[in-house]
Amino acid sequence: MRDLDALNPPFAKPSSACRVGALIPFILGGASMVLVSDASTASSPGTNPLALVLSGVVLLNFLLFFIPRIFRWDWNVRYFLVSGFQLGSIVMLGGVPWLCFLLYGSPPLALRGLAFLAYLAIIFLPGRRFIQMYADIQQSGELMRYLYQHDAEDDTYYYVQKNDVRLQEKKYKVSFFPPAMLFIAFALAAFAMIPFAGQLSALAGLPFAHLFMGIISVPIDMMGINFLVKAWLVFAYLPKSIGKRAGQKVLVDMGSSTKLPARH
């Protein structure tokens, strides 16, 4: 049996990492509630569906400051799924302003819907590369065994993170991060709107802060979707597809590594 407490960095253990990671959605959820309140002056937070969802996010992550330590979360993949979703919550930076535009903006609903669909297409498109990558790995028994190694001694599967990084960077060349020029382009577009803040705010029916955040955060939202997609694939979908018997665990090994199979 692998001694994961010795192999893996202590700070990455979910009993600690999920407590720290909870700060991201906790802070973003609270800040987003302010944006929703400013955008929807006609309804109180207690009756606003979006504000209620964000309140749930804040409450859940407040509880996650304590739950991982109380229940001693170990190296199981399901706990890393929580960490991945916490990291992916950065999508709220632009996602909430865009939802405010869809729900509370003044242009016709059809126009708001088209704009929101275009936003979704932009942020979800890069995530398809991760889907294609792991679909290819799943079809290759050799690469699946390279990524999820079975230890007969303790009848446990180990997701080997360093092997995953090697596949992502060396074989498939897929990155979490959009090109630097994309960050620059959206930042320039957002700052270029500042001289027309009043007119754009009146046109959209929202405070200018929502418009600015909605544009400048698009590349960050793309990163957030990449984190969410990868977390779901490697910590939920693929472990279930292994066909493990009842009682078998899938644990995370962040210290071991092996060379890519010769044919790859």
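Biologist: Which side chain makes a polar contact with the side chain of Gln248?
Modeller: The side chain of Asp155 does, at 2.6 Å. A polar contact is a pair of N or O atoms within 3.5 Å; within protein, one must be able to donate a hydrogen and the other to accept it, and residues adjacent in sequence count only if both atoms are side-chain atoms. One caution: this is a predicted model, where local features need pLDDT of at least 70 and side-chain atom pairs count only at pLDDT 80 or more, while totals for chains, interfaces and linings use all residues. Residues are numbered from 1 along each chain as its sequence is written, and side-chain values use heavy atoms, with hydrogens and water left out.

Biologist: Where is Gln248 found?
Modeller: In the loop between helix H15 (218-241) and strand E3. Helices (H or I, at least four residues) and strands (E, at least two) are DSSP runs, numbered from the N terminus.

Biologist: Is Gln248 buried or exposed?
Modeller: Buried, with a relative accessible area of 9%. Buried means under 20% relative accessible area, exposed over 50%, partly exposed in between (1.4 Å probe, protein chains only).

Biologist: What is Gln248 in contact with?
Modeller: His150, Asp155 and Tyr157, leaving aside neighbours within four places in sequence. Contact means heavy atoms within 4.5 Å.

Biologist: Where does Asp155 sit?
Modeller: In the hairpin of E1 and E2, which has four residues between the strands. Asp155 takes a positive phi near 50° there.

Biologist: In what sense do E1 and E2 pair?
Modeller: Antiparallel, over four bridges. Two strands pair if DSSP finds at least two bridges between them. E1 covers residues 148-151. His150 stands opposite Tyr157 in E2, and Asp151 has Thr156 as its bridge partner.

Biologist: And how do E2 and E3 pair?
Modeller: In the parallel sense, again over four bridges. E3 is residues 250-253. Tyr159 stands opposite Val252 in E3.

Biologist: How many residues of E2 are buried?
Modeller: Five of the five, residues 156-160, so E2 is largely enclosed by the rest of the structure. Thr156, Tyr158 and Val160 are on one side, with Tyr157 and Tyr159 on the other.

Biologist: Let's switch to the core. Which residues have the most contacts inside the largest one?
Modeller: Tyr134, Ile137, Leu147, Tyr148, Tyr159, Leu167 and Phe235, in a nonpolar core of 65 residues. The largest share, 12 residues, comes from H15. A nonpolar core is a set of buried Ala, Val, Leu, Ile, Met, Phe, Trp, Tyr and Cys residues joined through side-chain atoms within 4.5 Å. There is also a second, separate core of six residues, including Cys18 and Phe65.

Biologist: Now H3. Which residues of H3 are buried?
Modeller: Pro25, Leu28, Gly29, Ser32, Leu35, Val36 and Ala39. They cover an arc of only 120° around the axis, which puts them on the same side of H3. The arc is that of the directions from the helix axis to the C-beta atoms.

Biologist: What covers them?
Modeller: Among others, helices H2 (14-21), H4 (49-63) and H14 (208-216).

Biologist: Last one: is Phe11 buried or exposed?
Modeller: Phe11 counts as exposed, at 66% relative accessibility. Phe11 is in the loop between helix H1 (4-7) and H2. Not counting residues up to four places away in sequence, Phe11 touches Ser16 and Ala17.
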